[in-house]
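This briefing covers selected side-chain pairs, a sheet and a helix contact. The sequence and structure are shown first.

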Protein chains: 2
Amino acid sequence: MTDAFLERCRQLIGASHVLTSHADMASYLTDWRGRFTGRARAVLRPASAAEVAQLVQACGEYRVPLVPQGGKTGLVLGSVPDDSGLEVVLSLTRLNRIVHIDTANRTMLVQAGCILQQIQDAAEEAGLLFPLSLAAEGSCTIGGNLSTNAGGTAVLRYGNTRELCLGLEVVTAQGEVWDGLRGLRKDNTGYDLRDLFIGAEGTLGVITAAVLKLYPQPKATITALVATGSPRRALELLSLAQDYCGASLTAYELMSDVCLRLVGRHFPHLPRPFAQEHAQYALLEVSSNESEEHAIGLLEGAIGDALEQGIIDDAVVATSLAQSRALWNIREHIPLAQAADGKNLKHDVSLPISRIADFIDQTAAQLQQAFPGCQLVCFGHLGDGNLHYNVAPAEGQSHDEFLANQAAVSRIVHDSVHVFGGSISAEHGIGALKRSDLTRYKSAVELNMMRAIKTALDPLGIMNPGKIL
Amino acid sequence: MTDAFLERCRQLIGASHVLTSHADMASYLTDWRGRFTGRARAVLRPASAAEVAQLVQACGEYRVPLVPQGGKTGLVLGSVPDDSGLEVVLSLTRLNRIVHIDTANRTMLVQAGCILQQIQDAAEEAGLLFPLSLAAEGSCTIGGNLSTNAGGTAVLRYGNTRELCLGLEVVTAQGEVWDGLRGLRKDNTGYDLRDLFIGAEGTLGVITAAVLKLYPQPKATITALVATGSPRRALELLSLAQDYCGASLTAYELMSDVCLRLVGRHFPHLPRPFAQEHAQYALLEVSSNESEEHAIGLLEGAIGDALEQGIIDDAVVATSLAQSRALWNIREHIPLAQAADGKNLKHDVSLPISRIADFIDQTAAQLQQAFPGCQLVCFGHLGDGNLHYNVAPAEGQSHDEFLANQAAVSRIVHDSVHVFGGSISAEHGIGALKRSDLTRYKSAVELNMMRAIKTALDPLGIMNPGKIL
């Protein structure tokens with residue numbers, strides 16, 4: 001029996017771009033962390049927005065649900081199909097062209113399948129900066145960054161992906177192409193559809209291209225690692241550094257003693273900046289449009305004030321690019337050290353900055369009561385109120401045994417986040433993984449509005465079903 | 001005959017807050033520029049979100065359309081009722097409380113009816129900055145600023161109102177209160193309802209409160225006025241100044257020779273910074289978190305480079321707050337000078353910055369061909385690509401005679417904006433005034449999505465009907 005739907009797809013984009021064999025499809029079906037493998041009717045690989053539109057029309061006609069997919073580096077099962085075998089994967093990776101850089105407007109027009117690093121490099125070649133930066137930048141695509149409103153390490157100064165995008169091209173659930181590729185800083189002509197598609201994880205339409213904002217390249221970037229006694233002290237330093245450095249403070253990362261000990265144990269070749277152990281560490285990055293001296297002056301000034309006021313205990317300022325890289329390396333090795341140490345329970349939460357210290361104290365107490373000795377691997381983008389609040393077993397406890405407590409641990413963490421006015425997904429999104437949490441923590445009023453919008457824009461329910469809602 | 005709907009309103013919020021007499025209602029019915037006076041069944045003045053919700057429920061039950069209103073300073077007839085006499089005005093001005101300032105989180109929780117200046121002052125008292133700044137700041141309310149996504153003079157550095165808001169409280173068209181009052185820098189838990197209500201001009205729901213972002217106060221702000229030969233040169237200076245000053249460049253305003261001549265004629269007491277006339281002028285503002293010397297150094301450095309490269313012809317740097325005020329005064333007197341000169345035809349447009357010079361040249365040529373001798377009063381927020389592109393009659397021509405050409409003039413300007421990839425409403429919104437333009441310049445795909453969202457969230461069509469769509 002021939003499959004009329006797949007036949008149509010082959011006519012539209014060529015048989016070689018309609019993958020159906022298990023071998024061809026395998027790499028599209030398993031999630032980034034290897035926790036889940038779905039099934040698919042086919043993997044479709046269009047090469048243009050027009051082809052995406054035609055495929056979506058076919059999906060509508062044959063009622064075939066589709067899962068848009070970019071670099072597949074998401075962490076919440078948002079870009080892999082379910083296990084029904086009824087869904088098709090719509091891979092955007094062939095839409096990988098940087099179409100145009102407008103240096104005077106400081107914008108770049110890119111297709112959705114461009115790799116983030118490719119975009120960063122193209123901006124740099126044009127003498128400009130595309131500031132979005134995150135661990136997966138060598139593999140993730142800008143379409144995925146937009147669909148999940150990705151965060152990363154430069155949010156403090158430049159905002160989330162949403163703030164870095166001026167316009168979109170989207171294929172709607174009806175298979176029409178919406179050309180919203182505006183390169184405007186101000187535009188008040190109706191509803192903000194751009195920001196609705198950004199962060200919608202492909203459930204309302206398929207992002208096929210975007211106009212991105214570019215910035216002047218800083219002349220110098222200087223990093224420091226400081227040691228302090230508590231998260232509260234780290235927050236005092238954040239406030240001091242923001243007042244002192246203004247927009248020049250481009251990153252502010254927190255790491256607990258547990259994190260540094262983990263890195264030290266699994267990566268003993270990495271430098272140990274301090275002779276003594278401290279309770280908390282903060283990584284500060286200052287960028288200057290003026291000069292290296294200016295950046296150093298700002299950073300040393302802020303640190304000097306903080307030492308004098310007793311907010312911090314010790315500090316190391318990198319005086320070369322290599323030293324800066326070494327300090328960032330410590331931060332970036334935390335997830336790798338965790339992986340080497342065995343699995344743990346991960347949470348990507350955000351809080352009002354004023355409540356983070358109390359959140360950390362109270363949540364730790366609740367977890368210790370329920371799971372005595374459990375270790376908190378708490379680090380993240382403190383300047384954005386975003387913590388990667390991960391929970392590992394007690395020393396000597398089996399990882400598998402501890403992982404069985406996933407639901408109970410996450411319940412404690414997320415309930416606490418909710419009490420403190422925070423978010424259970426700061427930068428990873430909801431996907432299929434956190435869908436049930438959403439109904440626990442969102443009000444009925446908000447969920448109903450989201451459902452009404454979903455139904456209005458995707459009445460057939462073919463766009464990435466089972467994700468978010 | 002008693003009016004059951006109004007009776008219900010009186011029960012809900014008290015008879016003294018249900019205005020029905022012509023005298024009581026008059027000030028709520030005429031638009032800011034005095035061009036249009038509508039009629040209303042009543043003016044309702046609730047004091048809380050709960051009262052707003054109850055009134056919206058009553059409106060739904062009795063199918064009474066409502067027009068949310070704040071400071072009524074909008075320029076596109078978005079906050080006044082039509083002339084049917086069937087609509088009620090929902091005035092938010094009694095919701096005027098600054099609820100809470102969280103200095104550690106750098107946020108402020110305000111009710112929608114707070115006057116912008118009241119918010120600026122409260123931030124300043126807390127040692128922080130709320131950067132939104134615009135001409136109507138002494139009268140406009142933050143609810144209106146949010147509903148129109150207001151722009152102003154600080155967008156270059158801090159963004160539009162949308163970028164200054166972290167969370168909202170909204171009364172939905174069903175009369176439910178949505179508590180989205182989050183104070184989070186990162187939150188990826190579903191559709192971006194916040195940005196959908198921002199800029200929706202009250203057509204999807206009524207904004208009743210907001211969490212606003214605050215910033216460190218700069219230690220010094222320095223202003224300069226420069227003279228140059230063309231818009232193209234002014235754009236070269238913008239690019240140079242952005243590279244040189246980075247985020248310290250907090251405003252960049254353009255004014256044509258016609259603007260300065262108008263100001264000189266109607267306000268002869270204002271200083272004339274240059275002995276000679278020049279074709280274009282730009283106002284630059286640089287802010288520093290460090291010191292006045294630092295700000296002056298940046299500004300003088302950028303100007304020095306520009307003079308050396310022949311980009312600009314002359315410059316005046318203000319060396320005191322009084323001198324800074326005097327330079328801004330020239331800019332701020334342009335609209336007043338226009339008003340004193342007689343009515344003209346106003347346009348609030350934005351363009352990709354790279355295309356502004358060509359837009360100005362080509363549009364001027366088209367207008368001169370159609371209306372020989374007409375004068376272009378072109379000024380605005382060049383750093384945001386936003387021009388107030390106003391057209392006045394030729395010397396000696398009667399203003400009334402020229403105003404009769406409104407439709408033809410606006411058609412030329414807006415068609416040209418469209419060709420250059422711009423927006424016909426940069427910061428004022430659509431309201432009732434530009435509604436028909438929207439159908440000319442927006443694609444059917446986009447309009448259909450907007451209509452689908454409107455119907456999904458406001459199925460009875462009671463929220464500010466006839467505005468935007």
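Asp192(A) is buried, because its relative accessibility of 7% lies under the 20% limit for that class. The model discussed here is predicted. Asp192(A) forms a salt bridge with Arg162(B), with 3.1 Å from N to O, and a search of the whole structure finds 46 salt bridges over all chains.

- Are the two partners buried or exposed? Arg106(B) is buried at 4% relative accessibility, whereas Asp243(A) is partly exposed at 37%.

**A salt bridge within chain B**

- Glu277(B) and Arg261(B) form a salt bridge in which the closest N and O atoms are 3.2 Å apart.
- Glu277(B) is exposed, with a relative accessible area of 53%, and Arg261(B) is partly exposed at 36% relative accessibility.

**A salt-bridge network**

- Arg162(A), Arg194(A), Asp195(A) and Asp192(B) are joined into one network by salt bridges that share partners.

**The seven-stranded sheet of chain A**

- Seven strands of chain A form an open sheet with antiparallel pairing, in the order S15-S12-S14-S13-S17-S18-S16.
- Strand S15 (314-317) and strand S16 (348-350) of chain A stand at the edges; each has a single partner strand, so one side of each has no neighbour in the sheet.
- Direction ignored, neighbouring strands of this sheet are turned by 20 degrees against each other on average.
- How many bridges link strand S12 (residues 220-228) and strand S14 (residues 280-288) of chain A? The two strands pair in the antiparallel sense over nine bridges.
- Within this pairing, Ala220(A) has Ser288(A) of S14(A) as its bridge partner.
- Helix H12 (residues 356-370) of chain A packs on the sheet and touches strand S13 (249-256), S16, strand S17 (375-381) and strand S18 (386-392) of chain A. The direction of H12 makes about 15 degrees with that of S18(A).

**The contact of H9(A) with H11(A)**

- The axes of helix H9 (residues 257-266) and helix H11 (residues 321-341) of chain A come within 8 Å and cross at roughly 70 degrees.
- H9(A) is therefore roughly perpendicular to H11(A), because the angle falls in the range of 65 to 115 degrees.
- On the H9(A) side, the contact is made by Cys259(A), Leu260(A), Leu262(A), Val263(A), Arg265(A) and His266(A).
- H11(A) contributes residues including Ile330(A), His333(A), Ile334(A), Ala337(A) and Asp341(A).
- Sorted by class, the contact has eight nonpolar, three polar and two charged residues.

Key. Residues numbered from 1 in each chain as written. Chains lettered and ligands numbered in written order. Predicted model: local features only at pLDDT ≥ 70, side-chain atom pairs only at ≥ 80, totals over all residues. Heavy atoms only, no water. Pairing = 2+ DSSP bridges. Helix = DSSP H or I, 4+ residues; strand = E, 2+ residues; numbered from the N terminus. Axes fitted to C-alpha atoms, helices over the stretch in contact; angles between N-to-C directions. Contact = heavy atoms within 4.5 Å. Salt bridge = Lys/Arg side-chain N within 4 Å of Asp/Glu carboxyl O. Buried < 20%, exposed > 50% of the residue type's maximum accessible area, 1.4 Å probe, protein only. Parallel < 35°, antiparallel > 145°, perpendicular 65-115°, else oblique. Nonpolar A, V, L, I, M, F, W, Y, C, P; charged D, E, K, R; others polar.
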